[in-house]
Amino acid sequence: MKKIVLASLTIAILAGCAANTQISAVQPGTKVQIKTSTKDETPRSESYATTSFGNYEFQVSADGTDPFYGVLPLKFNGGYLTLDILLFAPAAFFNLREVFPYYEFDQARGLIKYKRQEADSWMEYQPTPEEAARAKRFFEQKQP
């Protein structure tokens, strides 16, 4: 009985894990919509659930420009993998990747910049055409 309770508690804790991130944009007045979020203003701070197989599609828009679509680059979380292996391996289906702590969107260049620490240099990522198309479909289906 103790093992069942411990396993259930572990799953609940690990499945509920979330990571915080700061979202900003290079261009003033840019709006950033991210899957599962109801906010779009920049800058802002948000928390997103960890995931192993899911993605966070986004749409970036500013007045007078075409929207920029893509998928957030996520970081692998080795600490959660270790806990999953030690405590309850099936939990790895829920929490191996999480958002980076910092994102900056550059709509004009079609780039997402991200970093782990505030003092780090920005890493840049340009979504693939397939990721952009998937995100565009997601946001078009979401519209009434």
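Is E104 buried or exposed? E104 is buried, with a relative accessible area of 16%; buried means under 20% relative accessible area, exposed over 50%, and partly exposed in between, with a 1.4 Å probe and protein chains only. The legends below start with the whole chain and then turn to single sites.

**Figure 1. Overview of the predicted protein chain.** This is a predicted model in which local features need pLDDT of at least 70 and side-chain atom pairs count only at pLDDT 80 or more, while totals for chains, interfaces and linings use all residues. Residues are numbered from 1 along each chain as its sequence is written, and side-chain values use heavy atoms, with hydrogens and water left out. The protein chain has three helices and 10 strands, where helices (H or I, at least four residues) and strands (E, at least two) are DSSP runs numbered from the N terminus. Along the sequence they follow the pattern α-β-β-β-β-β-β-α-β-β-β-β-α. Of the 144 residues in the protein chain, 40% are buried. The accessible surface comes to about 8,400 Å², and carbon and sulfur atoms hold 58% of it; these areas come from the Shrake-Rupley method with a 1.4 Å probe, and for residues only the protein chains shown count as cover. Among contacts (heavy atoms within 4.5 Å) with a separation of 6 or more, 56% are between residues 24 or more positions apart.

**Figure 2. Confidence along the chain and the stretch 11-15.** The mean pLDDT of the protein chain is 82, and 74% of its residues reach 70 or more; pLDDT is the predictor's confidence in each residue, from 0 to 100. Over residues 11-15 the pLDDT is below 50, and this stretch has six contacts in the model beyond near neighbours in sequence. Where pLDDT is low, the predicted coordinates should not be read in detail.

**Figure 3. The open sheet of five strands.** The strand order is β3-β1-β8-β9-β10, with mixed pairing; two strands pair if DSSP finds at least two bridges between them.

**Figure 4. Strands β8 and β9 around E104.** Five bridges join β8 (residues 102-106) and β9 (residues 111-115) in the antiparallel sense. F105 has I112 in β9 as its bridge partner. E104 is placed in strand β8. Apart from neighbours within four places in sequence, E104 is in contact with S24, A25, V26, L111, I112, K113 and W122.

**Figure 5. Strand β4 between its partners.** Four of the five residues of β4 are buried, so this strand is mostly covered. β4 pairs with β2 in the antiparallel sense over four bridges, and F58 in β4 stands opposite I34. β4 also pairs with strand β5 (residues 68-71) in the antiparallel sense over four bridges, with G70 in β5 opposite F58. β4 and β5 form a hairpin with six residues between them, and G64 in the turn has a positive phi of about 80 degrees.

**Figure 6. The salt bridge between E57 and K35.** Seven salt bridges are found in the whole structure; a salt bridge is a side-chain nitrogen of Lys or Arg within 4 Å of a carboxyl oxygen of Asp or Glu. In the pair of E57 and K35, the closest N and O atoms are 3.4 Å apart. E57 lies in strand β4 (residues 57-61) and K35 in the loop between β2 (31-34) and β3, so the pair ties together parts that are 22 residues apart in sequence. E57 is buried at 6% relative accessibility, whereas K35 is partly exposed at 25%.

Figure 7. R44 forms a salt bridge with E46, with the closest N and O atoms 2.7 Å apart. R44 is buried, with a relative accessible area of 6%, and E46 is buried at 12% relative accessibility. R109 forms a salt bridge with E124, the closest N and O atoms being 3.5 Å apart. R109 is in the loop between β8 and β9 and E124 in strand β10, so this pair ties together parts that are 15 residues apart in sequence. R109 is partly exposed at 46% relative accessibility, and E124 is partly exposed at 45%.
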